[in-house]
Number of protein chains: 2
Amino acid sequence: MLTDIEIAKSVKLRPINEVAAELGIHEDQVENYGRYIAKITTDKIDTNKFKNHHLILVTAISPTKAGNGKTTVSVGLALGMQKIGKKAVVALREPSLGPCFGMKGGAAGGGYAQVLPMDKINLHFTGDFHAITEANNMIAALLDNYRFQHEAEGFKLKKILWRRVMDVNDRGLRRIITGIGDKNGIETEAGFDITPASEIMAIMCFATSVDDLRRRIDNILLGITEDDKPFTVKDMGVGGSIVALLLDALKPNLVQTTEGTPAFVHCGPFANIAHGCNSVMATAAALEYGDYAITEAGFGADLGAEKFYNIKCRKTGLQPDLTVLVVTLQALKMHGGVAQEDIKKPNVAGMEAGYWNLDKHVKNLQSFGQTVVIAFNKFATDTDEEIEVLRKHCEEMGCGFAVNSAFAEGGKGAMELAELVVKTIDEHPSAPLYFTYDDDEPVEKKIEDVAFNLYGAGSVTLSDSAKSMIEEIKKLGAEKFPICIAKTQYSFSTDAKAYGPTEGFELHVRDITVNMGAEMIVVIAGPIMRMPGLPKSPQAERIDVVNGEITGLS
Amino acid sequence: MLTDIEIAKSVKLRPINEVAAELGIHEDQVENYGRYIAKITTDKIDTNKFKNHHLILVTAISPTKAGNGKTTVSVGLALGMQKIGKKAVVALREPSLGPCFGMKGGAAGGGYAQVLPMDKINLHFTGDFHAITEANNMIAALLDNYRFQHEAEGFKLKKILWRRVMDVNDRGLRRIITGIGDKNGIETEAGFDITPASEIMAIMCFATSVDDLRRRIDNILLGITEDDKPFTVKDMGVGGSIVALLLDALKPNLVQTTEGTPAFVHCGPFANIAHGCNSVMATAAALEYGDYAITEAGFGADLGAEKFYNIKCRKTGLQPDLTVLVVTLQALKMHGGVAQEDIKKPNVAGMEAGYWNLDKHVKNLQSFGQTVVIAFNKFATDTDEEIEVLRKHCEEMGCGFAVNSAFAEGGKGAMELAELVVKTIDEHPSAPLYFTYDDDEPVEKKIEDVAFNLYGAGSVTLSDSAKSMIEEIKKLGAEKFPICIAKTQYSFSTDAKAYGPTEGFELHVRDITVNMGAEMIVVIAGPIMRMPGLPKSPQAERIDVVNGEITGLS
């Protein structure tokens with residue numbers, strides 16, 4: 001089979017203006033970035049009252065290092081929908097250059113179920129990530145400058161809460177000392193996160209208008225002064241300039257799939273260290289223009305889906321009709337204790353040993369009131385016997401089951417899934433969302449609700465800095481915000497190596513930060529890093545340009 | 001008078017495809033970034049054999065903090081050319097977000113002589129700076145990761161020569177310690193420069209094709225190993241991936257002026273800390289499509305123009321027909337010792353006291369064999385008496401003199417200048433370039449040639465690290481590269497406060513770095529910083545978004 005980028009290059013793309021026109025988007029709303037990418041102006045997208053169309057969430061069981069192919073299934077489902085005569089629009093996150101040049105690779109789907117042009121989408125795309133990086137770091141520079149220039153007047157922060165970001169996997173920047181030497185400002189312990197973990201990224205995902213963006217930027221909490229007052233972007237008087245940097249980035253990006261169907265790809269927080277969903281703007285646009293809006297939330301359902309419901313849907317009122325849970329045999333076998341080198345080999349018992357992971361995710365999703373359909377993401381090495389055993393197991397749980405072969409076959413390989421999704425929405429749509437915790441619970445209780453009821457933790461412990469931050473949050477009146485737990489994607493626990501069932505573990509909260517602009521409380525659980533590192537042999541060694549064409553992107 | 005951005009918004013822009021078509025650029029070569037910005041594919045731009053059209057360099061006397069308006073004059077000259085029936089194309093640098101949010105403001109011209117859309121150009125534009133930042137920092141992360149991952153095998157650098165960059169004025173990042181704490185790599189003293197000082201920026205300016213870009217990226221010297229060997233990007237095997245990040249950024253950007261004439265705006269190294277000229281691609285494109293190509297080199301002629309001739313023209317074979325020297329009364333008065341608060345007041349004697357600066361620049365430019373024309377950049381406060389006294393002085397030096405009022409009047413305010421430029425090129429074109437030093441001189445001698453003959457220094461001294469770097473450069477066989485002196489723009493000396501004549505000063509070389517990819521030797525003279533800081537009240541406080549429109553950019 002051809003590589004992802006070979007397939008991508010083989011597709012004859014439609015002019016994006018044609019794709020936009022077909023959706024009913026007026027040409028005045030379309031801002032081209034080359035022939036095949038456009039930004040859509042936000043004035044016609046209603047984020048207050050979503051179109052009464054069908055919203056479908058695609059999530060997955062706990063992933064392998066290569067992921068379960070959620071994006072491939074999301075795109076595949078849209079292609080399958082088109083094949084059965086339905087108008088579906090997919091809304092996805094933008095990829096980060098960190099994993100693209102690091103280990104996991106890009107994030108534009110795979111095989112014959114991709115969003116295109118994949119090289120542009122995986123690299124700089126329309127510059128949204130760079131605008132977010134710039135805005136984040138401009139605030140950092142303005143803050144350090146403010147501290148430096150107003151020090152003589154007695155201005156001092158006892159706690160600095162703003163970090164810099166970069167869209168690169170650079171472990172050396174996690175903890176740094178800045179301002180060393182003469183004339184270089186105030187010596188400070190500081191650090192960088194990866195751009196998908198920036199509060200600005202989250203703000204861009206939640207902002208429903210330019211005014212709402214301004215309000216959120218102004219509200220960002222940068223630090224606490226010596227006399228115990230919050231110090232915000234508004235206090236520096238630079239909110240307008242930061243919004244100026246983000247004005248274009250707020251507009252959702254329209255691209256197309258391998259079969260010419262429309263796709264909105266906009267903003268990209270990771271789901272392990274951030275909330276893991278594309279922008280509200282993009283979801284609203286998909287609902288506005290598609291009868292079926294298909295969106296995706298990152299990593300396993302313990303991360304992306306939990307945050308999709310408890311944060312994104314809570315904030316916006318979005319109500320998914322259905323949740324699609326992506327399952328792969330390789331992940332099941334990994335969770336069943338099969339050695340990494342053997343997970344591609346037929347092994348019914350090994351697969352069955354991993355059911356606990358699937359079952360727990362299904363139970364969790366159902367706890368939100370969601371109807372769950374299983375999308376089996378088929379790989380070439382999977383056997384019919386394994387698939388049939390798994391189908392039976394899923395049907396016994398009361399979940400619809402369909403094989404998705406969109407990676408190898410495009411839309412025609414996802415028709416079974418599309419039919420199942422449409423039928424299930426007609427016959428058994430989800431109940432109104434039931435959230436895991438209430439707004440007015442204390443922060444500790446919210447963490448416990450998620451940890452006990454969804455992760456299966458036995459206890460929750462908090463570091464001193466986490467405890468003191470909770471006190472700060474109370475003073476700020478921010479207890480009502482939802483929580484965004486940062487933890488490993490490889491386990492329900494906080495131990496990335498704990499592949500097996502992990503009931504009763506201790507969830508240790510290492511730190512807490514409050515995003516006063518994004519309006520959520522970030523809970524850092526276990527040793528998870530908000531800035532990844534690179535492996536010994538990074539993907540960068542395999543990306544190349546040959547005769548002017550990019551190769552090796554996946 | 002309206003502000004720059006008010007004027008910019010009042011202009012009805014032509015679709016950029018129309019501007020491109022008028023230049024004779026085929027629609028297949030045009031990649032739109034919105035309606036009014038395009039990238040032009042590089043395949044039709046010949047950088048080996050430049051079109052035999054007229055090349056004009058615009059430079060200036062030593063500037064005030066606000067600059068002398070070189071970009072305004074460059075654009076104005078192009079507008080004036082159009083008014084007198086000539087086909088002129090201007091080639092300029094892209095602005096940096098550092099000064100835009102810091103002190104100096106943007107860099108897209110001013111008044112009725114701007115390149116448009118000025119808000120996009122001053123902010124993210126087509127993302128070239130962000131691509132360069134990303135490529136630079138991806139190399140830094142890959143390098144630190146290589147050191148970390150190969151440490152156990154005995155790999156060690158005794159000298160690390162690669163720094164990170166950011167397009168923000170952030171003094172706190174000049175000197176930092178990275179890799180603090182467990183699992184965060186190797187603790188290292190490091191630092192950030194501003195993006196316009198990145199070697200990648202210089203490489204993008206000099207690269208004549210994708211293959212040439214690859215060769216230069218591979219050649220970048222990252223450090224010296226313990227056993228005294230150069231360690232390059234090629235040694236890490238990631239050159240192709242870095243080129244992939246830069247592929248779109250290599251294409252020159254086409255925009256339009258306030259009067260709809262074409263402008264290439266591409267790459268933007270500062271002239272005080274880098275070589276100060278737009279890309280060879282953009283200059284070649286301007287020569288390809290215009291009968292007159294007008295380009296600009298940053299800050300005073302001691303910086304940008306010197307580097308334009310000695311570096312850019314030397315490398316490429318470009319031969320300017322004429323150099324336009326921009327003069328303002330405010331700068332002359334400043335150089336004449338008039339107090340900052342009084343430089344806008346009529347003062348013939350104060351102006352005359354500043355002639356030394358003008359005269360020295362003229363003499364320097366003539367030393368390259370250049371015919372010099374003086375463009376008097378008129379401000380509202382300038383008096384006719386002052387202008388006439390100055391005109392006489394310039395004509396006595398044998399230089400043509402014309403008043404440029406393009407800021408206030410657009411093209412019709414630059415017709416006198418345009419006529420003078422055309423006539424001078426016809427009657428007295430410049431001689432072939434005479435360089436200040438030869439390729440095969442030792443590095444010390446090259447520095448002395450520029451310092452003694454152009455700056456008027458009395459002595460050149462070198463720090464120990466500069467001396468040891470010269471030894472390294474000899475070993476690398478890089479002595480033949482031209483030198484790029486980083487020093488203050490406010491004085492011929494290295495003392496930013498020495499406004500008056502400075503003959504006989506000591507030029508102290510604090511450090512030297514070698515750009516094996518850009519193929520030049522960067523000589524850091526005096527206390528100049530390659531990462532600026534922000535002032536107490538930065539421009540960021542005055543930039544805003546009102547009713548969806550950006551305000552306060554200048």
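Is Asn404(B) buried or exposed? I opened the notebook with this residue of the predicted model.

**Entry 1: Asn404(B)**

I located Asn404(B) in strand S19 of chain B, which covers residues 400–404. I noted a relative accessibility of 0%, so Asn404(B) counts as buried; the cut-off for that term is under 20%. I then looked for a polar partner and found the side chain of Asn377(B), joined to the side chain of Asn404(B) by a polar contact of 3.3 Å. I also listed the contacts of Asn404(B), leaving aside neighbours within four places in sequence. The list holds Val73(B), Phe376(B), Asn377(B), Lys378(B), Gly413(B), Ala414(B) and Leu417(B).

**Entry 2: strand S6 of chain A**

I turned to S6(A), residues 113–116. Ala113(A) and Val115(A) point one way from this strand, while Gln114(A) and Leu116(A) point the other way. I recorded all four of these residues as buried.

Which strands pair with S6(A)? I found S5(A), residues 109–110, paired with S6(A) in the antiparallel sense over two bridges. Gly109(A) stands opposite Gln114(A) there. The hairpin of S5(A) and S6(A) has two residues between the strands, and in it Gly111(A) takes a positive phi near 60 degrees. I found S14(A), residues 253–257, also paired with S6(A) in the antiparallel sense over two bridges. In S14(A), Thr257(A) is the bridge partner of Val115(A).

**Entry 3: chain A as a whole**

I counted 20 helices and 25 strands in chain A. The radius of gyration is 23 Å, close to the 24 Å that the globule rule gives for 554 residues, so chain A is as compact as a globular protein of that length. Along the principal axes, the C-alpha atoms of chain A fill a box of roughly 75 × 55 × 45 Å. I noted that 67% of the 554 residues count as buried. I next took the contacts in chain A between residues at least 6 apart in sequence; 75% of them join residues at least 24 apart. The accessible surface of chain A comes to about 18,300 Å², and carbon and sulfur atoms account for 50% of it.

**Entry 4: the two copies**

How is chain B superposed on chain A? I found a rotation of 180 degrees with 0.0 Å of shift along its axis, at an RMSD of 0.0 Å. That is the relation of a two-fold axis. In chain B, the C-alpha nearest the axis belongs to Tyr33(B), at 2.2 Å from it.

How values were computed
Residues numbered from 1 in each chain as written. Chains lettered and ligands numbered in written order. Predicted model: local features only at pLDDT ≥ 70, side-chain atom pairs only at ≥ 80, totals over all residues. Heavy atoms only, no water. Least-squares fit on C-alpha atoms with pLDDT ≥ 70 in both. Buried < 20%, exposed > 50% of the residue type's maximum accessible area, 1.4 Å probe, protein only. Helix = DSSP H or I, 4+ residues; strand = E, 2+ residues; numbered from the N terminus. Pairing = 2+ DSSP bridges. Polar contact = N/O pair within 3.5 Å; in protein donor to acceptor, adjacent residues only side chain to side chain. Contact = heavy atoms within 4.5 Å. Rg over C-alpha atoms; globule rule 2.2 N^0.38 Å. Areas by Shrake-Rupley, 256 points an atom, 1.4 Å probe, with all protein chains shown as cover.
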